[in-house]
Number of protein chains: 2
Amino acid sequence: MISPEKPGRRAFVGTLTKASLLLTVPGINPTEHFRQPAQPVTVGQVMELILKTIPNAPFPKTVDTLKSGNAEQKVTGIVSTMFATMEVIQQAIRLGANFIIVHEPTFYNHADETDWLQKDEVFQKKHALLEKNGIAVWRFHDYWHSHRPDGIRMGVVTALGWENYLDEKNPRLITLPAPMPLKQIIAHAKAKLGIAQMRVVGDPAQLCRRVLLMPGASGGRSHIMALQQDKPDVLLCGEISEWETAEYVRDARQQGQNLSLGILGHIMSEAPGMQWLVPWLQPKLPDLKITYVDSKNPFTYL
Amino acid sequence: MISPEKPGRRAFVGTLTKASLLLTVPGINPTEHFRQPAQPVTVGQVMELILKTIPNAPFPKTVDTLKSGNAEQKVTGIVSTMFATMEVIQQAIRLGANFIIVHEPTFYNHADETDWLQKDEVFQKKHALLEKNGIAVWRFHDYWHSHRPDGIRMGVVTALGWENYLDEKNPRLITLPAPMPLKQIIAHAKAKLGIAQMRVVGDPAQLCRRVLLMPGASGGRSHIMALQQDKPDVLLCGEISEWETAEYVRDARQQGQNLSLGILGHIMSEAPGMQWLVPWLQPKLPDLKITYVDSKNPFTYL
């Protein structure tokens with residue numbers, strides 16, 4: 001279950017010294033951490049600190065821009081989340097945090113274009129809430145996926161407990177220690193990622209060992225080319241377009257291939273990667289409070 | 001429940017004379033029907049006959065092209081369906097029909113590009129099955145939506161039994177005779193369209209009267225702009241991208257709006273429109289057997 005970080009854990013981390021954190025958090029390069037200045041840290045300094053860890057950053061073209069606030073404002077606290085929903089923004093305000101790092105768009109389209117929304121009441125109210133409370137929102141999507149290892153993938157693989165089954169040369173491929181019925185893999189993913197319901201194309205009894213794990217919505221062509229290349233037993237992905245991946249897997253099955261598809265949901269497949277950001281970023285900014293807030297799955301199933 | 005046309009109905013239609021069909025099928029213009037030639041009809045002639053009914057057809061740019069076969073081949077029978085899946089192709093072969101009219105892509109991408117699939121086994125087998133059996137596949141998507149009334153919408157509205165609640169000036173808007181709890185609308189849609197499970201953002205008890213019905217996957221911007229314009233109580237749509245429509249509705253709800261979202265599924269939301277094609281097309285081609293084949297929902301829900 002992906003849930004907001006427990007207060008107990010936060011309190012515990014807060015009492016650790018920087019040095020012990022650097023020793024205990026895996027994957028942290030001690031030379032990367034931010035040299036805490038006498039003055040408060042700005043949004044821009046946090047972004048710069050993070051970008052130093054991303055190969056080839058800054059990118060000339062990226063959706064990872066500030067959606068609200070500005071680079072000069074002093075950071076009072078950081079929230080990491082999938083979506084800056086109205087509730088997540090209100091939770092950040094309650095936490096006294098004025099910098100929200102999100103993985104996905106704030107204004108309902110990939111590029112966060114807002115020209116078409118200027119007269120929209122939902123946009124206006126959300127924008128006003130951010131403005132009134134001086135909240136900066138930065139999208140951390142392209143960069144986090146470009147981190148080595150991919151921060152989203154690491155969060156998800158860790159949440160699934162599959163770290164030891166990763167193919168080092170092909171990190172999207174998991175080889176389970178033994179074949180397992182599809183329904184058991186689905187039940188495991190649901191339990192570990194806090195998913196209520198999955199859409200599946202396949203036979204629940206099919207034995208699977210090679211799992212192609214593609215969180216998010218990487219697109220039908222990307223899924224299908226990975227299926228061709230990796231020949232998994234099952235593809236677990238975040239989101240699909242129905243006329244692409246699902247129809248390919250259906251045709252493959254009708255041709256006799258033992259290939260299945262499990263749709264985790266976009267949010268549920270990537271949220272652990274924004275949770276994983278906290279122990280990665282906290283040692284770099286030991287004097288700032290960084291909190292994971294679960295933006296949760298919006299769906300009920302009727 | 002959307003199911004393949006019952007043999008009983010087919011046999012009955014087969015015994016009708018052309019004149020009686022023209023009188024009995026609503027919305028048929030007697031002047032449009034194909035003058036049955038002495039020679040068999042070709043794929044191209046059927047396409048031409050249909051395009052005569054579509055305003056501004058042929059379109060200079062459209063995905064509605066032949067995906068298999070050629071315009072010169074003689075038609076032995078027609079199958080109408082959402083997707084030419086492997087099973088639907090095999091069903092067409094069993095029916096002796098060599099012309100499949102589909103609403104959605106055959107090769108897993110909107111434009112049915114196949115260059116990237118040349119070495120893909122699933123593509124190769126499907127392509128070989130079509131070639132070996134001389135099956136023509138024509139996509140009827142842009143044109144069918146451009147027909148007045150939109151053929152897909154008419155099929156879906158008819159299946160839902162909501163013909164009398166259509167707003168004539170704004171056919172995507174349904175005004176129910178009385179407010180109804182969301183859960184009852186969802187149950188109605190599931191029963192009438194044969195849907196096993198729906199993803200919903202909203203309160204099942206919310207009373208809804210204005211239903212914005214947008215079958216297929218018209219995109220987040222299209223959904224959101226229609227929500228702004230029509231101010232419905234609930235949007236029933238086919239397919240979404242999770243970061244678009246669902247997040248907008250979630251934010252609207254967290255701001256206090258009584259707005260809900262019900263996701264019918266892309267296939268289930270449009271298939272009735274391909275079923276509706278049969279009584280529309282049959283009187284124009286009284287000597288050809290035209291059969292609706294249900295390509296079915298590929299998903300199970302675990």
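Close-up 1. Strand β6 (residues 170-181) of chain A lies antiparallel to strand β8 (residues 207-214) of chain A, with five bridges between them. This is a predicted model, in which local features need pLDDT of at least 70, side-chain atom pairs count only at pLDDT 80 or more, and totals for chains, interfaces and linings use all residues; side-chain values use heavy atoms, with hydrogens and water left out. Residues are numbered from 1 along each chain as its sequence is written, while chains are lettered from A and ligands numbered from 1 in the order in which they are written. Helices (H or I, at least four residues) and strands (E, at least two) are DSSP runs, numbered from the N terminus, and two strands pair if DSSP finds at least two bridges between them. Look for Thr175(A), which sits opposite Arg210(A) in β8(A). Moving on, β8(A) runs parallel to strand β9 (residues 234-237) of chain A, joined by four bridges. Leu212(A) has Leu235(A) as its bridge partner in β9(A). Right-handed here means that, with the strands pointing away from the viewer, the path from the first strand over the helix to the second runs clockwise.

Close-up 2. Buried means under 20% relative accessible area, exposed over 50%, and partly exposed in between (1.4 Å probe, protein chains only). Strand β1 (residues 66-68) of chain A pairs with β4(A) in the antiparallel sense over two bridges, and strand β3 (residues 99-102) of chain A runs parallel to β4(A) with four bridges. Another right-handed β-α-β unit shows up here, made of β3(A), helix α5 (residues 121-132) of chain A and β4(A). Over chain A as a whole, 56% of the 302 residues count as buried.

Close-up 3. Seven strands line up in an open sheet with mixed pairing, in the order β12(A)-β7(B)-β10(B)-β9(B)-β8(B)-β6(B)-β5(B). At the edges are β12 (300-301) of chain A and β5 (166-167) of chain B, each pairing on one side only. The crossing from one chain to the other is where β12(A) meets strand β7 (residues 199-201) of chain B, antiparallel and with two bridges. Zoom in on Thr300(A) and you'll find Val200(B) as its bridge partner in β7(B).

**Close-up 4. The interface and its axis.** Chain B goes onto chain A with an RMSD of 0.0 Å by a turn of 180° and a shift of 0.0 Å along the axis. The two copies are thus related as by a two-fold rotation axis. The superposition is by least squares on the C-alpha atoms of residues with pLDDT of at least 70 in both copies. Ser241(B) is the residue of chain B that comes closest to the axis, at 4.0 Å (C-alpha). In contact across the interface are 59 residues of chain B and 59 of chain A, contact meaning heavy atoms within 4.5 Å. About 5,700 Å² is buried between the chains, with 55% of that from carbon and sulfur atoms; buried area is the accessible area (1.4 Å probe) that two parts lose on being put together, summed over both.

Close-up 5. Four salt bridges are found across the interface, a salt bridge being a side-chain nitrogen of Lys or Arg within 4 Å of a carboxyl oxygen of Asp or Glu. In one of them, Lys126(B) meets Asp251(A) at 2.6 Å, N to O. This pair runs from helix α5 of chain B to helix α10 (residues 242-254) of chain A. Lys126(B) is buried at 2% relative accessible area, and Asp251(A) is buried at 1%. Also in helix α5 of chain B, Lys125(B) and Glu121(B) lie four residues apart, about one turn of the helix, and their side chains form a salt bridge at 3.4 Å, N to O. Both ends are partly exposed: Lys125(B) at 39%, Glu121(B) at 35%. Glu121(B) also touches Lys231(A), Gln255(A) and Gln257(A), leaving aside residues up to four places away in sequence.
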